[in-house]
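This briefing concerns salt bridges, surface patches and annotated spans in one protein structure. Please view the sequence and the structure together before reading the points.

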Amino acid sequence: MRTFSARRAERQRRPLARLATAFDHFAAAFTAWAGSSIAFGLAVAVVVVWALTGPIAGYSENWQLVINTGTTIVTFLMVFLIQQSQNKNDRALHLKIDDLLIALKDADENLVDAERLDEDRLVALATALTAHAKRIARDKRRRLADEGKRVPGDASAEQAGRAPRGKARPPRASGTGGRLRAKRRVGAGLKGMR
């Protein structure tokens with residue numbers, strides 16, 4: 001059974017939670033609307049009307065102050081709404097990626113919640129992952145070379161203009177050979193990390 005102070009604290013948190021939820025819904029709806037073509041058209045219309053009133057106002061300082069103040073206030077408020085919406089999207093994306101990492105059997109558990117690491121630890125983790133990917137790619141090239149297959153990215157054979165182990169090189173399709181080889185190398189490195 002909860003104590004009186006626990007119930008009182010919960011009652012005090014409810015309005016704040018409701019306010020946070022209401023702000024979350026408002027921010028999501030407003031940022032969706034602010035990114036629409038209707039909002040852009042409305043903003044352009046406001047600027048055009050302001051510009052057309054310039055000759056009537058004599059291009060005075062007050063006339064300039066109207067647009068400066070209006071745009072400053074709108075920008076100030078939009079920063080908070082967009083940041084709240086971006087934070088929510090980032091949290092959702094990180095949760096989805098964490099779920100994928102957990103589902104992979106050979107995934108590195110250090111990557112789960114990596115967004116909470118400080119900058120030095122992130123750099124160290126990125127360096128370790130890059131070295132791991134290079135190691136996997138190098139091991140795959142060695143394995144393929146031992147099996148007698150053409151090794152993607154084998155610079156010595158490609159520079160000499162011949163295939164390794166005396167095999168004839170197939171003709172290249174014009175303009176796509178380099179890109180396809182690069183995609184295969186990247187794909188091979190990523191597959192090895194799984």
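This is a predicted model: local features need pLDDT of at least 70, side-chain atom pairs count only at pLDDT 80 or more; totals for chains, interfaces and linings use all residues.

Residues are numbered from 1 along each chain as its sequence is written, and side-chain values use heavy atoms, with hydrogens and water left out. Three salt bridges are found in a search of the whole structure.

**Salt bridges**

- A salt bridge is a side-chain nitrogen of Lys or Arg within 4 Å of a carboxyl oxygen of Asp or Glu.
- In general, side chains of opposite charge can pair when their charged atoms come close.
- K88 pairs with D24, and their closest N and O atoms are 3.3 Å apart. This pair links distant parts of the chain, since K88 belongs to helix α4 and D24 to helix α1 (residues 4–34), 64 residues apart.
- Helices are DSSP runs of H or I with at least four residues, strands are runs of E with at least two, and both are numbered from the N terminus.
- D24 counts as buried because its relative accessibility is 16%, whereas K88 is partly exposed at 35%. Buried means under 20% relative accessible area, exposed over 50%, and partly exposed in between (1.4 Å probe, protein chains only).
- R116 forms a salt bridge with D113, with 2.9 Å between the closest N and O atoms.
- R116 also meets the side chain of E115 in a salt bridge, at 3.6 Å from N to O.

**Surface patches**

- Patches consist of residues with over 30% relative accessible area and no salt bridge; like charges are joined within 9 Å, and nonpolar side chains (Val, Leu, Ile, Met, Phe, Trp, Tyr) within 5 Å.
- Accessible areas come from the Shrake-Rupley method with a 1.4 Å probe, and for residues only the protein chains shown count as cover.
- R135, R138, R141 and R142 form a positive surface patch. Lys and Arg count as positive and Asp and Glu as negative, without His and the chain ends; the place of a charge is NZ of Lys, CZ of Arg, CG of Asp or CD of Glu.
- R135 lies in helix α5 (residues 119–147) and is partly exposed, because its relative accessibility is 39%.
- I73, F76, L77, V79 and F80 make a nonpolar surface patch of about 520 Å². I73 belongs to helix α4 (residues 61–103) and is partly exposed at 47% relative accessibility.

**Annotated spans**

- An unreviewed UniProt entry lists residues 21–51 and 63–82 as "transmembrane region". UniProt positions follow the numbering used here, feature names are shortened, and annotations may be inferred rather than shown by experiment.
- Residues 21–51 are 94% helix and 0% strand, with end C-alpha atoms 39 Å apart.
- Residues 63–82 are 100% helix and 0% strand, and their end C-alpha atoms lie 29 Å apart.

**Residue I102**

- I102 is found in helix α4 and counts as exposed, because its relative accessibility is 61%.
- I102 and V112 are 10 residues apart in sequence, and their C-alpha atoms are 7.7 Å apart in space.
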